[in-house]
Amino acid sequence: MTEPRKDASVEEDQTDAAKRRAEGEFVRGVSGFRQAIGDPDFPPEPGRYHLFVALNCPWCHRVTLARNVLGLGDALTMDVVFPNRTDEDDPEGPNLWQFNPTRPASLTGAPLPECTSETGTGRSHRLVRDIYRAEGSDEQSVPILYDKQAGRVVNNESAEILRMLNAAAGPLGSTLSDTDRPDLYPVQPGLRSEIEDLNDLIYTAINNGAYKAGFSSDQAAYSDAFKAYFNALDALEARLSDGRPFLTGPDFTEADLRLFPTLYRHDPVYYVRMKLNGARILDYPHLWRWLCRAHALPGVAGSGSLIHCRQGYFGRSWNGTIPLGPFRPMPYPEAYAHPELCD
């Protein structure tokens, strides 16, 4: 297994992580599987690879977004776990991702049609944990990029998965031509550096910042994360104020893709669940129009599910009840079809 790269846009600083967690700060762990499609053991071939995801998870959302916008829906098979993890009554214990397509969701009272059984390994595992156990690992996270032919986990770091899907989209069997398929990490001089700088800001202050605000039990850690989150939104709002459609200019790139899952969740979920109630995205005219513009791109609207998000996030809160709103000015995600709402 290759050594994890040290990249501020991929993983959080692990210095004194145990001590910081004990003091109430949320410190995200590091993904352990960091091989890549294109390595000698993992050639890019249509139909060879499989994804395990949760539709409420923003890190998984990055990957499902890439799969959709790159035209890999047919070439890259996928299983979807139930958005709530196991509870205390489960024979294997609580807080485990589970494949459970028949479990009713408390939000709808019925099974969620997107949820599947486990079909990627050929062993019909009930728990994501068992996929890792077959590799001798005690990890439990999603997303997972899995090689069905080799029967091995390739990678479980979402930022790296989306980049390798972009690089290998053609050989993997994209249904889009080279001219129709977006290049999320283009080679133009200076553009990659601009994307990397944006990735650092977006990951640290917004993607992971939302969790540091919502899951830290220390007031000072929450306050610092809250301020950094909204300072970053202010900076991105100013960036988009010059009329550019996307963060780096006319084209949707990796920076936009990595921002989208958090902003998609902000108004209907994070505003309440993560205690990020400083403002709605609807209060930022340029960011709101950017969000609506991105949501309208082919494949984007079908890459996530606010039903899964609400069920997953609020189903883990202390009383398990799920807020029904917001309904004004209109329900989400319907609101994302209306950029004029911010006027």
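1. The sheet. In this predicted model, an open sheet of 4 strands has the order E2-E1-E3-E4, with mixed pairing. Strands (E, at least two residues) and helices (H or I, at least four) are DSSP runs, numbered from the N terminus, and two strands pair if DSSP finds at least two bridges between them. Strand E2 (77-80) and strand E4 (152-155) are the edge strands, each pairing on one side only. From one strand to the next, the twist averages 30°.

2. Basis of the values. Residues are numbered from 1 along each chain as its sequence is written. This is a predicted model, in which local features need pLDDT of at least 70 and side-chain atom pairs count only at pLDDT 80 or more, while totals for chains, interfaces and linings use all residues; side-chain values use heavy atoms, with hydrogens and water left out.

3. Pairing of the strands. Strands of a sheet pair through backbone hydrogen bonds, either parallel or antiparallel. E1 and E2 are parallel, with 4 bridges, and Leu-51 stands opposite Met-78 in E2. E1 and E3 run antiparallel and are joined by 4 bridges; here Tyr-49 has Asp-147 in E3 as its bridge partner. Strand E3 (residues 144-147) also pairs with E4 in the antiparallel sense, over 3 bridges, and Arg-152 in E4 is the bridge partner of Asp-147.

4. Helix H2 on the sheet. Helix H2 (residues 58-69) packs on the sheet, touching strand E1 (49-53) and E2. The direction of H2 makes about 140° with that of E1. Such axes are lines fitted to C-alpha atoms, for helices over the stretch in contact, and angles run from 0 to 180 degrees between N-to-C directions.

5. Strand E1. Why is E1 described as largely enclosed by the rest of the structure? The reason is that 5 of the 5 residues of E1 are buried, where buried means under 20% relative accessible area, exposed over 50%, and partly exposed in between (1.4 Å probe, protein chains only). In a regular strand the side chains alternate between the two faces of the sheet. Both faces of E1 are covered, with Tyr-49, Leu-51 and Val-53 buried on one side and His-50 and Phe-52 buried on the other.

6. Pro-261. This residue is found in helix H8 (residues 254-273). Pro-261 counts as buried because its relative accessibility is 1%. Leaving aside neighbours within four places in sequence, Pro-261 is in contact (heavy atoms within 4.5 Å) with Pro-58, His-61, Arg-62 and Leu-65.

7. His-266. Helix H8 also holds His-266. Is His-266 buried or exposed? It counts as buried, because its relative accessibility is 0%. Apart from neighbours within four places in sequence, the contacts of His-266 include Tyr-229, Phe-230 and Ile-281.

8. Helix H9. The buried residues of helix H9 (residues 285-295) include Trp-288, Trp-290 and Cys-292. The buried residues of H9 pack against helix H7 (219-240) and H8.
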